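My entries follow in the order of the look-ups.

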Amino acid sequence: AVEEDVRRVEPSIAGGVGVVESDRESSLSLASTVASQLQQTESSLRDMIRQLNEAQEQAAPPDNPISQISKILNIHYNSLQWVDSNANVLHSKLRTVERQLQQQRLDNGRLSSR
């Protein structure tokens with residue numbers, strides 16, 4: 001009787017898993033597209049900022065206080081970009097470890113239920 005109930009329920013579970021997998025793949029594809037567009041936008045902005053900074057450096061004498069402040073701010077900005085980049089790398093590694101831990105817990109749960 002239990003085996004018959006399991007056979008009856010299995011197709012609906014399998015169908016649900018397929019829908020979830022399809023949604024997951026769709027979300028992953030969208031996230032990849034958005035990430036790519038953000039990288040392109042970031043690259044364009046960096047180029048634009050670099051060009052503006054170069055134009056400003058050529059227009060203002062180096063002993064100008066505004067030029068000196070601008071250089072200091074650019075150095076700080078570059079440092080913050082480095083911190084942000086490394087924070088993103090660490091966040092990505094943390095997500096990978098979390099996924100692996102979750103998978104290991106699932107695998108251990110399956111083994112203990114047998």
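**Terms and ground rules.** I call a residue buried under 20% relative accessible area, exposed over 50%, and partly exposed in between, with a 1.4 Å probe and protein chains only. The model is predicted, so I take local features only at pLDDT of at least 70 and side-chain atom pairs only at pLDDT 80 or more, while totals for chains, interfaces and linings use all residues. Residues are numbered from 1 along each chain as its sequence is written, and side-chain values use heavy atoms, with hydrogens and water left out.

**Fold.** I looked up the secondary structure and found two helices and zero strands. Helices (H or I, at least four residues) and strands (E, at least two) are DSSP runs, numbered from the N terminus. Helix 1 covers residues 2-59, and helix 2 covers 65-113.

**Burial and surface.** I checked burial next. Of the 114 residues in the chain, 4% are buried. The accessible surface comes to about 10100 Å², and carbon and sulfur atoms hold 59% of that. These areas come from the Shrake-Rupley method with a 1.4 Å probe; for residues, only the protein chains shown count as cover.

**Nonpolar patch.** I then searched the surface for patches. The rule takes residues with over 30% relative accessible area and no salt bridge, joining like charges within 9 Å and nonpolar side chains (Val, Leu, Ile, Met, Phe, Trp, Tyr) within 5 Å. Leu45, Met48, Ile49, Leu52 and Tyr77 make up a nonpolar patch, with about 470 Å² of accessible area together. Helix 1 gives the most to this patch, four residues. I looked at Leu45 on its own: Leu45 sits in helix 1 and is partly exposed, at 46% relative accessible area.

**Largest pocket.** I ran the pocket search on a 1 Å grid over the protein atoms alone. A pocket is an open set of points where a 1.4 Å probe fits, with protein on both sides within 12 Å along at least five of seven lines, and lining residues have an atom within 4 Å of a point. The largest pocket has a volume of about 200 Å³; grid points are joined across faces, edges and corners, and the volume is the space filled by probe spheres set on the points.

Which residues line the largest pocket? I noted Glu42, Arg46, Gln81, Asp84, Ser85, Asn88, His91, Ser92 and Arg95. Helix 1 and helix 2 are the elements that give two or more residues to this lining. Helix 2 has the largest share, seven residues. By class, I logged no nonpolar, five polar and four charged residues. Here Ala, Val, Leu, Ile, Met, Phe, Trp, Tyr, Cys and Pro count as nonpolar, Asp, Glu, Lys and Arg as charged, and the others, Gly among them, as polar.

**Salt bridges.** How many salt bridges does the structure hold? I found three. The criterion is a side-chain nitrogen of Lys or Arg within 4 Å of a carboxyl oxygen of Asp or Glu.

- Glu42 pairs with Arg46, the closest N and O atoms being 2.5 Å apart. They are four residues apart in helix 1, about one helical turn. Glu42 is partly exposed at 37%, and Arg46 at 39%.
- Arg50 pairs with Asp47 at 3.9 Å, N to O. They are three residues apart in helix 1, about one helical turn. Arg50 is partly exposed at 40%, and Asp47 at 36%.
- Arg50 also pairs with Glu54 at 3.4 Å, N to O. Shared partners join Asp47, Arg50 and Glu54 into one network.
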